[in-house]
Number of protein chains: 2
Amino acid sequence: MPGPTSSERVTIYDVAKTAKVSTATASKALNGTGRVSEETRSRIKSVAQQLGFRPNALARSLTSKRSFSVGLLTDDTYGRFTLPVMAGVSEGLIDHGVSVFLCSIDGNPDLARIHVDALLDKQVDGIIATGKRVDKPLPVDLTHLSVPVVYALTAGPAGALILVPDDRQGATEAVRHLIAQKRRRIVHVTGPESFQVVRERAQACQDALHAAGLPTADALTLYGSWSELWGHEAVARLWSGANQPDGIFCGNDQIARGVIDALRERGVGVPTDVSVVGFDNWEIVAAQTRPPLTTIDMNLKELGRQAGLALLRLANGETVAPGLWKLPCSLVVRDS
Amino acid sequence: MPGPTSSERVTIYDVAKTAKVSTATASKALNGTGRVSEETRSRIKSVAQQLGFRPNALARSLTSKRSFSVGLLTDDTYGRFTLPVMAGVSEGLIDHGVSVFLCSIDGNPDLARIHVDALLDKQVDGIIATGKRVDKPLPVDLTHLSVPVVYALTAGPAGALILVPDDRQGATEAVRHLIAQKRRRIVHVTGPESFQVVRERAQACQDALHAAGLPTADALTLYGSWSELWGHEAVARLWSGANQPDGIFCGNDQIARGVIDALRERGVGVPTDVSVVGFDNWEIVAAQTRPPLTTIDMNLKELGRQAGLALLRLANGETVAPGLWKLPCSLVVRDS
DNA sequence: CTGAAAGCGCTTACAG
DNA sequence: CTGAAAGCGCTTACAG
């Protein structure tokens, strides 16, 4: 049996020749398109298999107008947020044969432009924009592109498809958990009020307390920075007055860690005297607090997966409802 | 002046037609190859510019046999190590017009195989393999591929090009810093001895102490886990005997954090009584310790950049010295 | 210096 | 059901 014509990569031409058919028939047989007799099809397939034929995706893309690759723009190089999103995108798409170009833009508009142009030149089927804040857009205009765009964990223009965690729902879960632990004096220690997520979580917290008939005075939300230090300060402030809380919902895990450390230093038992719930489920923080932290997971990997699949549908010409998709968060119960 | 023939993307055919030359000439003019008169060249270029011509990279790759894309395999989805490496690779390569396919394999050999096949189908110019441990290979065989492979922060086969941080040098810097702070009783609290980096750092630590004429009894290296908890335990052990250290070099920042917290809880001053140096410069840990942690940065982004550039040279047929490239670490001085 | 032609490796109407 | 031909958008010898 004749082998491939050269030592180079085997092409569909080699397959066709070996199977004694035209390349057109070979193509149809291999792709399951057109009408080919079962006998011919299986013969061609087995020949392809024997020769180790792998189609050149570039050539295929040139005619099919589908590159089976997408671009992922991120400006959160060192952050913890986009990594799981990226992993989810990649995981969701590889099953469909699509690969993901990673473009780290580091907040640099020129670099972003260069990356976008490179992606377009490479005929990507679409672009996913991801960031670390749902209320800040990437420093590059992605409207009027010739390919679909999906936004994940970053702001997008009106009419765009944007996927974000459901902060309200997450915060509600956190507070309900505290209430279920029989906590009655619950406060919220969170980040800077300038963050939209901060305001949403705070509002959801208030609403949940209100719904349970618990006190919701404004003073029960303490805004600060996203740091452990702020957790310490908040505890100092709370414990300087009377009427100390028995439940603390923190805006992120770092604050929660500061809170827990501060409570321990004061001899306040967690969770015996005070229950604490964080937000992010940042393993490295949440699992190392003493006791390990009960917190909210934003399911970012799943968010990434959905972003990828939505983009794929768009690229396939299917219609996808645009707007803000809020994906559910989960409560992760540990020991705090 | 006639515009592009259709509302679709403008091709080199449109440019040639508008400039009244052949596509061959247009191609040469645009790419700076072949002989074209200066007049023609600039005319073609300005036409291309006006029409907003952007070459289809797929078509170009089909003939040129260069796709200007590479694959990046990583099995450290949630880790902090490969993210900067990836960013460095992307940053170093985009300047050369090459884009990076991100493949997160999560330790799954089948998935890895699927990704590699997809990359090969897409005619990548090369592959970079990255992991989180220099002494563990990825779960996929990358030898005998038709494209060059570079390993970064992961084990590779004999004869391969492998880039890793210079752990010995990093550890030496750490110890020298402690010595420069007039510390004389220095111990090393580190991770599991099963990690190659642990053994190398420990050895370098011993060597540096020895070179300075300081005590190097084996007991001065304490092996444990990569956790804060272990930092606490190590301090408890060290302070239970006599002859307590005045300098502690930790195997990573988490251990260092545990050590610093434990010292504070005992009322031991850092850095007044004891100086502490970590390893990793993991911002989120190092910057939040009290006091902020002096530590070693592995310069992973630079490592990634170099890996990308090395791969590019290989892809260009240039010769690159294979073997283990140890890239320098830097001491980052904070307040501990 | 410039262009006609062939080719990269596929797929897709269109005939037969 | 099968194949000859054209085409995707470029580049590259090869002539002129």
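His144(B) is exposed in this predicted model, with 6 other C-beta atoms within 10 Å.

Is Asp280(A) buried or exposed? Asp280(A) is buried, because 25 other C-beta atoms lie within 10 Å and the cut-off for burial is 20 or more. Asp280(A) belongs to the loop between E9 and helix H11 (283-286) of chain A.

Two peptide bonds are cis. One joins Val270(A) and Pro271(A), with omega about 5°. The other runs from Arg290(B) to Pro291(B), with omega near 0°. Pro271(A) lies in the loop between helix H10 (253-266) and strand E9 (275-277) of chain A. Pro291(B) is in the loop between helix H11 (283-286) and strand E10 (295-297) of chain B. Such features deserve a look because most residues other than glycine have a negative phi, and most peptide bonds are trans.

| Site | Feature | Value |
|---|---|---|
| Val270(A)-Pro271(A) | cis peptide, omega | about 5° |
| Arg290(B)-Pro291(B) | cis peptide, omega | near 0° |

By class, the surface near DNA strand D holds ten nonpolar, 14 polar and three charged residues.

Next, the contact between chains A and B. Each chain gives 38 residues to the contact. On the side of chain A that touches chain B, H4, helix H5 (82-94), strand E2 (99-104) and helix H6 (109-121) give two or more residues each. H5(A) provides the largest share, seven residues. This side of chain A divides into 19 nonpolar, 13 polar and six charged residues.

E2(A) pairs with strand E2 (residues 99-104) of chain B in the antiparallel sense, over three bridges. Leu102(A) has Val100(B) as its bridge partner in E2(B).

How are the two chains related? A rotation of 180° with 0.0 Å of shift along its axis superposes chain A on chain B, at RMSD 0.0 Å. The copies are thus related as by a two-fold rotation axis. In chain A, the C-alpha nearest that axis belongs to Phe101(A), 2.1 Å away. Both copies use the same surface: 100% of the contact residues of chain A recur in chain B.

Last, a sheet in chain B. Four strands form an open sheet in the order E7-E6-E8-E9, with parallel pairing. Strand E7 (221-223) and strand E9 (275-277) are its edges, each pairing on one side only. From one strand to the next, the twist averages 15°. Strand E6 (residues 186-190) and E7(B) pair in the parallel sense over three bridges. Val189(B) stands opposite Leu222(B) in E7(B). Helix H8 (residues 196-211) of chain B packs on the sheet, touching E6, E7 and strand E8 (247-250). The direction of H8(B) makes about 180° with that of E6(B).

Technical notes:
Residues are numbered from 1 along each chain as its sequence is written. Chains are lettered from A and ligands numbered from 1 in the order in which they are written. This is a predicted model: local features need pLDDT of at least 70, side-chain atom pairs count only at pLDDT 80 or more; totals for chains, interfaces and linings use all residues. A residue is buried if 20 or more other C-beta atoms lie within 10 Å of its own, exposed if 12 or fewer, and partly exposed in between; C-beta atoms are placed from the backbone. Ala, Val, Leu, Ile, Met, Phe, Trp, Tyr, Cys and Pro count as nonpolar, Asp, Glu, Lys and Arg as charged, and the others, Gly among them, as polar. Two residues are in contact if their C-beta atoms, placed from the backbone, lie within 7 Å. Two strands pair if DSSP finds at least two bridges between them. Copies are superposed by least squares on the C-alpha atoms of residues with pLDDT of at least 70 in both. Axes are lines fitted to C-alpha atoms, for helices over the stretch in contact, and angles run from 0 to 180 degrees between N-to-C directions.
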